[in-house]
Amino acid sequence: DMGNQAIVLVANAEADYLTCLTNDQLKIVWGANSPELTSWSAIDPTFPDVPVTLLAPTNGDSGADLLLESVSDVPTIIREVENLRNDVLYRAAAVGNVEGALTFMTWGDYQKVIQNNQDRIQLVSVNAGNGCVQPSIESIASGAYSIVRSTTLHVKTSSLTSIPVQSFLWTIVSDSNYSQIENAGFIGLDFGSLPALRQTLQKAFLDASEAAALAAEQTPEATAEATAEATSEG
């Protein structure tokens, strides 16, 4: 279990109408199949007549895929956005300066924005059908927050005898690699759990090695018995 990856939405703090958005509203905002947006009132008549300003990372960003997969029941792609910047600090600052502005980023990137002391922004709660849920460590880990992808690593058991595979897995759960896990936006795999994961891997390596040795011992005997039996019958 590698934890969860989450995409969060960040809006201008003065836009109280963006405190919580539904899946349908997010699909209209970000989906390429939606009509051109002129103001927030076009999305919901209760919203004010404020221009929609969207900021997004450059095309091909995996976060856009996760966002749209989570809010849409059919495959879709992100709409064309004029303001494309990968710099999350830039996007957060722009959102803070423009009413009606909205962007998205990973939970890890949002932590960088908070550490940068960016003001005039708010986290957007998401209503996926069970009420508004604000993203947090707890809601992301539990799956209550909906724009989440659970991530697990699957390894073929017999491959655990391979030195390159063992090295790859060991590197993933090494203490020195934890910053890479954090930078990739994984939530739920905390630093303190790494020693237990390494113990699990050690046992898995040993079990795979013993199973391979046992299989090697049994194969010649089975072949010899089959040959002898076939010769006798012949």
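The backbone oxygen of Thr171 sits 2.7 Å from a polar side-chain atom of Ser174. That's a handy place to start a walk through this predicted model. Ser174 itself is found in the loop that runs between helix H6 (163-172) and helix H7 (178-183). With a relative accessible area of 15%, Ser174 is buried, because the cut-off for that label is under 20%. Leaving aside residues up to four places away in sequence, Ser174 touches Leu194 and Arg198.

The side chain of Arg198 meets that of Asp175 in a salt bridge, at 3.1 Å from N to O. Arg198 belongs to helix H8 (residues 194-233), while Asp175 is in the loop between H6 and H7, so the pair ties together parts that are 23 residues apart in sequence. On the accessibility side, Arg198 is buried at 16%, whereas Asp175 is partly exposed at 38%.

Phe168 has its place in helix H6, and together with Leu153 and Val155 Phe168 makes a nonpolar surface patch of about 270 Å².

**Salt bridges**

How many salt bridges does a search of the whole structure find? The count is seven.

| Glu69 | Arg149 | 3.6 Å |

Take Glu69 and Arg149, which form a salt bridge. Glu69 lies in helix H2 (residues 62-71) and Arg149 in strand E9 (residues 148-151), so this pair ties together parts that are 80 residues apart in sequence. Glu69 is exposed, with a relative accessible area of 55%, and Arg149 is partly exposed at 29%.

Asp109 counts as buried with a relative accessible area of 19%, since the label needs a value under 20%. Lys112 is partly exposed at 41%. Elsewhere, Asp24, Lys27 and Asp73 are linked in a network of salt bridges.

Is Val113 buried or exposed? At 1% relative accessibility, Val113 counts as buried. Setting aside residues up to four places away in sequence, Val113 touches Val88, Leu89, Ala92, Met105, Gln118 and Ile121. For a sense of scale, Val113 and Thr53 are 60 residues apart in sequence, and their C-alpha atoms are 19 Å apart in space.

**The disulfide**

The structure has one disulfide. In general terms, a disulfide is a covalent bond between the sulfur atoms of two cysteines. Which residues form the disulfide here? Cys20 and Cys132 do, with their sulfur atoms 2.0 Å apart. The link of Cys20 and Cys132 is left-handed, with -100° about the S-S bond. Cys20 lies in strand E2 (residues 20-22) and Cys132 in strand E8 (residues 132-133), so the pair ties together parts that are 112 residues apart in sequence. Cys132 comes out as partly exposed, at 49% relative accessibility, because the exposed label starts over 50%.

Definitions and conventions:
Residues are numbered from 1 along each chain as its sequence is written. This is a predicted model: local features need pLDDT of at least 70, side-chain atom pairs count only at pLDDT 80 or more; totals for chains, interfaces and linings use all residues. Side-chain values use heavy atoms; hydrogens and water are left out. Helices (H or I, at least four residues) and strands (E, at least two) are DSSP runs, numbered from the N terminus. Buried means under 20% relative accessible area, exposed over 50%, partly exposed in between (1.4 Å probe, protein chains only). A polar contact is a pair of N or O atoms within 3.5 Å; within protein, one must be able to donate a hydrogen and the other to accept it, and residues adjacent in sequence count only if both atoms are side-chain atoms. Contact means heavy atoms within 4.5 Å. Patches are made of residues with over 30% relative accessible area and no salt bridge: like charges are joined within 9 Å, nonpolar side chains (Val, Leu, Ile, Met, Phe, Trp, Tyr) within 5 Å. Accessible areas come from the Shrake-Rupley method with a 1.4 Å probe; for residues, only the protein chains shown count as cover. A salt bridge is a side-chain nitrogen of Lys or Arg within 4 Å of a carboxyl oxygen of Asp or Glu. A disulfide is a pair of cysteine sulfur atoms within 2.5 Å.
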